[in-house]
Amino acid sequence: MQTSTARRQRERRNGAARRSGGTNAGRGIAIALPLLLFGSFLVLGAMGFAAAVGAYSSFSRDLPDPKSLLEAITFNQETSVYDRTGKVQLATFAQEKRQVVDFDQIPGILVDATTSIEDKSFWENAGFDPLGIARAAISSTGGASTITQQLVRARLLPESAFAGSRYERKIKEIIQSIRLTQEYPGEEGKKRIMALYLNQNFYGNNSYGVKAAARSYFGVTDLSKLTLAQAAILASIPQSPSEYDLVANAVEQETADGKTQLVVPPDSPIVQRRDFVLELMKTRSVLTGGQYTAADYDTAKLEPVILAPQAAPRWRAPHFVWQVRRELAKILCGPDAGEDCQQIDTGGYKVVTTLDWNMQKAAEKWSNAAGRGPVQKKPATYYKGLKVPYRDWLKNMEGKGVNNAAITSIDYRTGQVLAHTGSAGYYLSGKSKKFQPQFDVMADGWRQPGSAFKPINYITGIEDGTLTAASMFMDVVTDFGGGWTPTDADRMERGPLRLRQALQVSLNIPSIKAAAYNGVDHVLQTARRFGIRFQDGVDPGLSVAIGTAEVHMDDLASAYGAIANGGVLVPRTTILTVTDAQGNTIWPIPGAKTKTTKVVSPQAAYIMTDILASNTDPAQNPFWSARKLTNAAGTRRPAALKTGTTDATIDLTAAGFVAPPKDKKKPAIVTVTWMGNSDNSAPPEGVVALESAASLWQEYMNEVTKAMPIADFVEPDGLVRAKVDAWSGLLPGPGTTRTVNELFIDGTVPTKRDDTKTEIEIDSATGDLWQEGCTGPMEKKTFLDLSNVESAFPQWKPFTQGWIKRAEKGAGVRGGPERTPTSYFYQTGGWMPFGASWGAEMAPTKTCEPVPQETYDPATDPNSPFYDPLLDPNVPSQQFPWDTPAPAATAPTP
């Protein structure tokens, strides 16, 4: 089916719809130009009149006779599309799905429906609408092309008319439209123009001309059998055949007898447009104005849009083929052309594409397995049919409510698209909006990349020199304004850590803080330089850091490819060569060189690659490295990987690349995988990308790289390594206990020594802060001091201080705006590469109590010269000689 970029563009050059108006020309067509010139004479005088005549002569000089061109119109020379070998045919364009009809075979309701929406004054105007052009110019809305102008633009202008400015082409288009109307005057002339227009139009679903459209959509072979509602919806399609393709918009519904049928939902844009056409027909119908009442038109609005069974020849790699058609249109019909470029369908070209058919088959197999296998009643049987192992991760996806998956792979050194699936299977049955198989989610869907966008955010600061891989962030839940207090995925708060750690385990809060340092506009600007497009008016604020701004997944693949390619973005391409029906090569143009863009320096790109490559190294990341790549012998293959899980797990993404092979003829592969639902609905059961899209990435990449020689990423000049504190990322200081060797762009190594730790006097007996008189002895110890971190954002400080208060009590203490627990890095799963620490102990907050002192008496101190043992309470009581009583007196002896 058609895709969304083309949906906006198909109306370029095949008679597709444009708003039109009218003017009173009728039988006075022959005097229209003289009247214009006479008006010029009255307003501008003789010189102005001469200039007007000269201008008309100048613009019409090279225009061929419209009648001879019209009579020579032919249709249908088949264009064939092949894989990169030129041997596997993928598709053909313009496969006889056009049946030319005369005006008499076209029912009046179809003509009236067409003129009502495309050109209400078709039967009276002179081939163009000056008032409509004026209105479009004033309002800057574009449009104003009549049916005649659309036909002229598609088939009756020479290629030279498209070489000048848009305004010059428009003038020539108007002149040729007037001339055509003069050549085919009156009602019969209008009928001829209308018949050619309806035979020329593209109606989606590979249907060219209104009869082919009626047959392919409704099974109607006689146009007179069309219902009022069917005629209105056919008239609605040409404005944007890709967007309004009925099959692309249809869903399968079960009938009462248990069969299925394709039905376009009544709330779809094409059905709403049909109803708008029916409303216009109440007052604008010319040929059938008296045949239907207002009630008839209202009743027609209630008619369900039920399609005939579809049995078109199947393309190989169909989503990819649509991308080829878009690019081919630009080659053949100019940079502004949509996929409706008529030359594609009539030129008989041979197109050799960039597609690697073996990689494509692997991508289709694994997309199918991941997106549709888990929703089957008998998954094991389904996988057996696909020749896919029934892995544990696939079993885990069962019942999770994820219905779709897609893969895109690019050679990042050449920009060549090697494999591309826009869904789990273009031709698979889609019974609900959750799985819309023909919609290309990678090329046309707007999807949130989630954490897969974080490398773009961080590399912005690394390139600027304002951030390094060692920059410290406080991983603490913070109010970033308006009550927005985002958490990390596991709702832990890990305190001080470095950029490398934050990206390795995909923490949200540090990335948001990095975006605050970088500036949101600057991050978006960098992303655009990486080739990422955003929707008009995007303003995600700081949430851009966690991938809330929707992107095209194909663009994300190119951006990752630029990182892998040393910071150089190579534009995507799907085409290798184009040869015409005579075998002449018309593409590539001899001597033309691909225009590349240096987005960031090789040094910044390598640092980012080095961080992402650690995610597949068990020695550096035991969790993500379960998704490592290996060759056929089981040897680990260096590869960079990042996942992204959006809020409510709506989008599940994995993006990564392998190191470039030394042989430049071999592809250097970057791949993005996506899983989710086509309608952006959230799965009822939560699942993260690491357990889904990353597993899909691993399975597919292992298969397509298994025969490739193992290569490693090569470090460019201009990088240096330095030891830094493992927590603060600063040069080691007196309190540093652990260091890491980190990569820096030369000139960005920190010059400041670690100041997040300080030496404090404490009482060794109690561990409290020291003061005189404590038990002692006093000693000096190093403690964590985070009082000055992130000083550029003082509004963050209260949240850091709150975390410190909780961290003083250890890990697992809840608090803060989201009641999240403190944690060491990386405590989940028991992996703590730097131990149960935040770099040092938390400083005590309590001061020790002095020891109570007794009154000192030197007379009782044996060491004092004033010592008096009589006063020493520790000396036992004793009698001295002078204390001995005298003996009792006796009588003398006689």
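Guide: Helices H6 and H7 are roughly perpendicular to each other, a term for angles of 65 to 115 degrees (under 35 is roughly parallel, over 145 roughly antiparallel, the rest oblique). The model is predicted, so local features need pLDDT of at least 70 and side-chain atom pairs 80 or more, while totals for chains, interfaces and linings use all residues. Residues are numbered from 1 along each chain as its sequence is written, and side-chain values use heavy atoms, leaving out hydrogens and water.

Helices (H or I, at least four residues) and strands (E, at least two) are DSSP runs numbered from the N terminus. H6 spans residues 147–156 and H7 residues 166–183; they pack at about 105°, with axes 9 Å apart. Axes are lines fitted to C-alpha atoms, for helices over the stretch in contact, and angles run from 0 to 180 degrees between N-to-C directions. Contact means heavy atoms within 4.5 Å. On the H6 side, the residues that meet H7 include Leu 151, Val 152 and Leu 156; on the H7 side, Ile 174 and Leu 180 are among the residues that meet H6. The contact comprises five nonpolar, five polar and four charged residues. Here Ala, Val, Leu, Ile, Met, Phe, Trp, Tyr, Cys and Pro count as nonpolar, Asp, Glu, Lys and Arg as charged, and the others, Gly among them, as polar.

Next comes helix H22 (residues 508–518), which is mostly covered, with 10 of its 11 residues buried. Buried means under 20% relative accessible area, exposed over 50%, and partly exposed in between (1.4 Å probe, protein chains only). Its buried residues include Ile 509, Ile 512 and Lys 513, and helices H20 and H23 are among the elements that cover the buried residues of H22. After H22 comes Gly 519, with a positive phi near 95°.

The structure also holds two disulfides, each being a pair of cysteine sulfur atoms within 2.5 Å. One joins Cys 333 to Cys 341, at 1.8 Å from S to S; the torsion about their S-S bond is about 55°, so this disulfide is right-handed. The other joins Cys 774 to Cys 848, at 1.7 Å. Cys 774 lies in the loop between strands E22 and E23, and Cys 848 in the segment after strand E26, so the pair ties together parts that are 74 residues apart in sequence. Cys 774 counts as buried at 8% relative accessibility, and Cys 848 is buried at 1%.
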